[in-house]
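This briefing covers the overall dimensions of two chains, the contacts between chains, and selected packing details. Please consult the sequence and the structure as you read.

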Amino acid sequence: MPVPAVANLLPERPSRSAVQAYVGGVPSVDEVAVIERVASLSTRSIKKDSKMAALELAVRMCDLTTLEGKDTPGKVRQLSAKGIRPDPADPSVPSVAAICVYPNMVPVARAALGNSGVKVASVATYFPSGQAPLDIKLDETRRVVELGADEVDMVIDRGAFLAGHYLEVYEEIRAVKEACAPAHLKVILETGELGTLDDVRKASMLAMAAGADFIKTSTGKINPAATLPVTLVMLEAIRDYRRLSGVQVGMKPAGGIKTAKDSIRYLVVLNETLGRDWMSPDWFRFGASSLLNDILMQIRWLKTGRYQSPDYFTKD
Amino acid sequence: MSDRLDVRKTYKLFIGGEFPRSESGRSYPALDVDGAVVARVAQASRKDVRDAVRAARAAQEGWAGRTGYNRGQILYRVAEMLEDRAAGFVEQLKIGGSSRRQAEVEVEQSIDRIVWYAGWCDKFAQVLGNLNPVAGPFFNISTPEPTGVVAIIAPEKPALLGVVSRLAPVLVPGNTAVLVTSSSLPLPAATFAEALATSDVPGGVINILTGAAAELTPWLAGHMDVDAIDLTGSDPSLVEAAELAAADNVKRVVRFDAADSQSPYQIAAFTETKTVWHPKGL
Amino acid sequence: MTDTDHTPVLHPASPPLDWTYATSREASDLVSVQDRYGLFIDGDFHRPASKRYLTSINPATEEPLAEVAEAGPRDVERAVTSARKAFPMWSRLPAAERAKYLFRIARMVQERSRELAVLETLDGGKPIKESRDVDLPLVAAHFFYHAGWADKLEYAFPGLKPEPLGVAGQVIPWNFPLLMLAWKVAPALATGNTVVLKPAETTPLTALHFAQITAEAGLPPGVFNVVTGAGATGAALVSSGVDKIAFTGSTEVGKEIRRRLAGTGKRLSLELGGKGAHIVFADAPLDQAIEGTINGIFFNQGHVCCAGSRLLVQESIAEVFLDKLRSRLEILRVGDPLDKNTDVGAINSASQLERIEALVETGRQEGAEIFQPSCALPERGYWFRPTVFTGVSQSHRIAQEEIFGPVLSVLTFRTPDEAVEKANNTPYGLAAGVWTTKGSRILWMADRLRSGVVWANTYNKFDPASPFGGYKESGFGREGGRHGLLAYLKAEGM
């Protein structure tokens, strides 16, 4: 499939009606068919060396996350160490992609990660609700970058989206994108609040047109968080976006991905929807915390042939 | 014969898939035909009724959301469990005064009746529902949907077949049930609850309360979150008061002629007909 | 590395993962295949009077699996006689008892699903993913559903007191061997008939294992009989003393059966070929329509009578749609049917492969453009790449004739009227698909499509409760649902 030269799907400062028309033109999504496709892909049987390759990739794709009111520097340092060397007993296990924290913890993570290659990702824009004035959210964005964040995870204004105020949603993402440079921007759609897969697809296309480097499912603070159907729809939107604009955008499912088996299912869906170009941490991440240990247990099982106990893997 | 002491069973209520005692702490003796005490059973109170209705409501959406095929398979498994326990049920019915042969026939009929209703789950809509040929460019279809939470007053006799006959048609379309057992012969129903617990029936779909129908019927009849009440097995003296109380939330009151018959129209009595229109055009 | 937690483990940026799935084969020793099978008559297996045997092979490897008896005329007669003798007892059994036999069989099929799925894949070439996830669950469901009708026939048809017909002769095809058995046998037995079944020549094994299951279930001898063989065996069954013939197979043979039975008074139902129109409107949920199109023609290698083998795509989105379709074809996994990751399996036989190849060659010559993905094919066995022809006209043979393989012919249309006209412009009328978000248009199209089955925003959906069958040369009679029972019943006033 030939990729066109990069094209803007919306002008620099689009009118309200241009944005409405753009969103209105997004194809609808049949939920039953999506669920069937996901179920069919979930029957893929990934064994032996293809399983090991997937597990190692999954580790490298993890954004190890702690986003709690009770986070302390100690907690963040421990998590950072874990992210650098996930399995102390097996140094061949690679580092994760990033540590994801609240703004106050950015300096701690930065210091702990040093030049290990593991990135610092910070939430911003009054995460998780986004319900604050825009200037506060932009200030926060600029601050976290100053403090050392390599990546910024923002939330869209779901209230505005559900009220059909697409121009406002668009402009806010654009403003945050400008404010967070040179950090890269992940845009959280909070798909669990959007209600339909049609809206997930629309929000995806809108976020990408506004400059998202990554589109992300969830804050992890509400249920449902990431699901395979939502992920499939977002990946299909990314595919269409590349076809139309030439631009490649990444994707991150976050929250609710607990087991290695789950992560492999996500990689199958990614592989068969977007293909090789996206099969790297530069274009796909898992937002997770307990997932990592389950992957480590599976890696150890593949290497030793013994079912594992959680006691042998560190809880940080 | 050995000097071995047998371990006696404690009979409890069946609510939300679990076996609690009555919150009132009460129990009463179940007697055999000569008046001797055979066992004690829990005596349910209005608070147990309250809890049972809550459990039934919580389970209703999930039960109705399963395919008819799935509900049919679960009911068939109830039959499998009953068949496995047939000998035990025969003994309990004999205690209540049936001869061995009468008891065996009642148990066989009970099992076969569940199988009969199991086979309706994935086909009653084909008999009770239909397309309506309206005079216009519209697709118009009527489908039977479950009413919701159904209270059932089981007859005093037959102690097992009466329970099965009242319960099965309620469950077929996706209703959940709170059933008050026979007070004089409560053991078969209480044991039936144990069979349900091993049958893949989701917790809360069926709730079984042993106790005094006279005490419990008014609470069920007047409960604002119960959608229908089956008084077929009820003592006639309780019916008028129950129907009066049922009026408060326009509860559907059902009384069939015979407590132990079977018919798809007994399923229909616990359904609401939904009719949907859709235009046909470009 | 001896240092502690804070030693960085640097991994240089690595290229994206080129992820190939390792083979994940289902264990074929789950099922034990005998070297040789007799005919199943009167509740047991018997040597054929004909003394002849056919070899059933695995089309993915061309290796022989087993020998099965080739029933001659005397064998067929013996089976029909056995079914005739069993009929009075079977039809007079209390219906609730008949029901319980069928419930028992349904449960046993469920229990042994995996082994039967493996056998189906070995014998016929379809992917294990399909035999395990589609065929076998539907087989169990058909027996479960029809078991429940056995003792409820008085409610099925207002005003009628239905009775069984007697002995049903049933001839089934090779594309869904055990499922076609279920579609035929379940309603026949539930309604009180007895059965003589002739499975397809290339796929007899699951029917024989099913016969063993009926014996284990205690089904009275003679109620269900299996006469394996080829075309001659089927012809002998059609001409025998049965009361009813049910046939699923090619239109050509269906017409021949109709001629044979003329004037005999025997009841007949036919489920024949199709050239399903798969219609995609511009407002369709596009990515899901792509999946539906793929499923419509490549499910079961396209060996499906109701396959969506003609894609009618609205011209305004044709380019985008075909672009996506071609990309999607590239990731279809064709290969070892026992590999759990295979999407498209083997072609059922050498002769079917020849037919497909001939018609595809015709398509090329007719001037249509061909697209096939570049996947590697195994060396032994019968294989055909998923194929899409674009630039197809209504008058091309590949738009008119049933190919019965993984070959899609693509035509375009401009308006709904045109789509309906093209869709109906065929002697067939089995199934059609419609993709659009507009509900009213779905219903408008459904009213006008001369097809026994219309799938909207989905395809290839089957359920024992849903009647299936065709208009016109796709056959007559329905299977499944309340309507499907009629084929096996008679009554005053019918």
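Axes here are lines fitted to C-alpha atoms, for helices over the stretch in contact, and angles run from 0 to 180 degrees between N-to-C directions. The model under discussion is predicted. Two packed helices are described by the angle between their axes and the distance between the axes.

**Helix packing in chain A**

- Helix α2 (residues 31-41) of chain A packs against helix α10 (residues 228-245) of chain A at an angle of about 100 degrees, and their axes are 9 Å apart.
- Angles of 65 to 115 degrees count as roughly perpendicular, and α2(A) and α10(A) are therefore roughly perpendicular to each other.
- On the α2(A) side the contact is made by V34(A), I35(A), R37(A) and V38(A), while α10(A) contributes L228(A), P229(A), L232(A) and V233(A).
- By class, the contact of α2(A) with α10(A) comprises seven nonpolar residues, no polar residue and one charged residue.

**Overall form of chain A**

- Chain A contains 12 helices and eight strands.
- A compact globule of 316 residues would have a radius of gyration near 20 Å, and the 19 Å of chain A agrees with this.
- Taken along the principal axes, the C-alpha atoms of chain A fill a box of roughly 60 × 45 × 35 Å.
- Of the 316 residues in chain A, 55% are buried.
- When contacts in chain A between residues at least 6 apart in sequence are considered, 74% join residues at least 24 apart.

**Overall form of chain C**

- Chain C contains 15 helices and 20 strands.
- The radius of gyration of chain C is 24 Å, close to the 23 Å that the globule rule gives for 494 residues, so chain C is as compact as a globular protein of that length.
- The C-alpha trace of chain C spans about 75 × 70 × 45 Å along its principal axes.
- Buried residues account for 56% of the 494 residues in chain C.
- Of the contacts in chain C with a separation of 6 or more, 72% involve residues 24 or more positions apart.

**Interface of chain C with chain A**

- At this interface, 31 residues of chain C are in contact with 38 residues of chain A.
- The elements of chain C that give two or more residues to its side are α4 (128-149), α10 (286-298) and α11 (318-330).
- The largest share of the side of chain C that touches chain A comes from α10(C), with five residues.
- That side of chain C has 12 nonpolar, 11 polar and eight charged residues.

**Interface of chain C with chain B**

- Here 23 residues of chain C are in contact with 21 residues of chain B.
- At least two residues each are supplied to the side of chain C that touches chain B by α2 (95-111), α4 and α15 (439-448) of chain C.
- The side of chain C that touches chain B divides into 13 nonpolar, four polar and six charged residues.

**A strand pair in chain C**

- Strand β17 (residues 431-435) of chain C pairs with β18(C) in the parallel sense over four bridges.
- Within this pair, A431(C) stands opposite V453(C) of β18(C).
- Strand β18 (residues 453-456) of chain C has V453(C) and W455(C) on its covered face, whereas V454(C) and A456(C) lie on the uncovered face.

Methods. Residues numbered from 1 in each chain as written. Chains lettered and ligands numbered in written order. Predicted model: local features only at pLDDT ≥ 70, side-chain atom pairs only at ≥ 80, totals over all residues. Rg over C-alpha atoms; globule rule 2.2 N^0.38 Å. Buried ≥ 20, exposed ≤ 12 C-beta atoms within 10 Å, placed from the backbone. Contact = placed C-beta atoms within 7 Å. Nonpolar A, V, L, I, M, F, W, Y, C, P; charged D, E, K, R; others polar. Parallel < 35°, antiparallel > 145°, perpendicular 65-115°, else oblique. Pairing = 2+ DSSP bridges.
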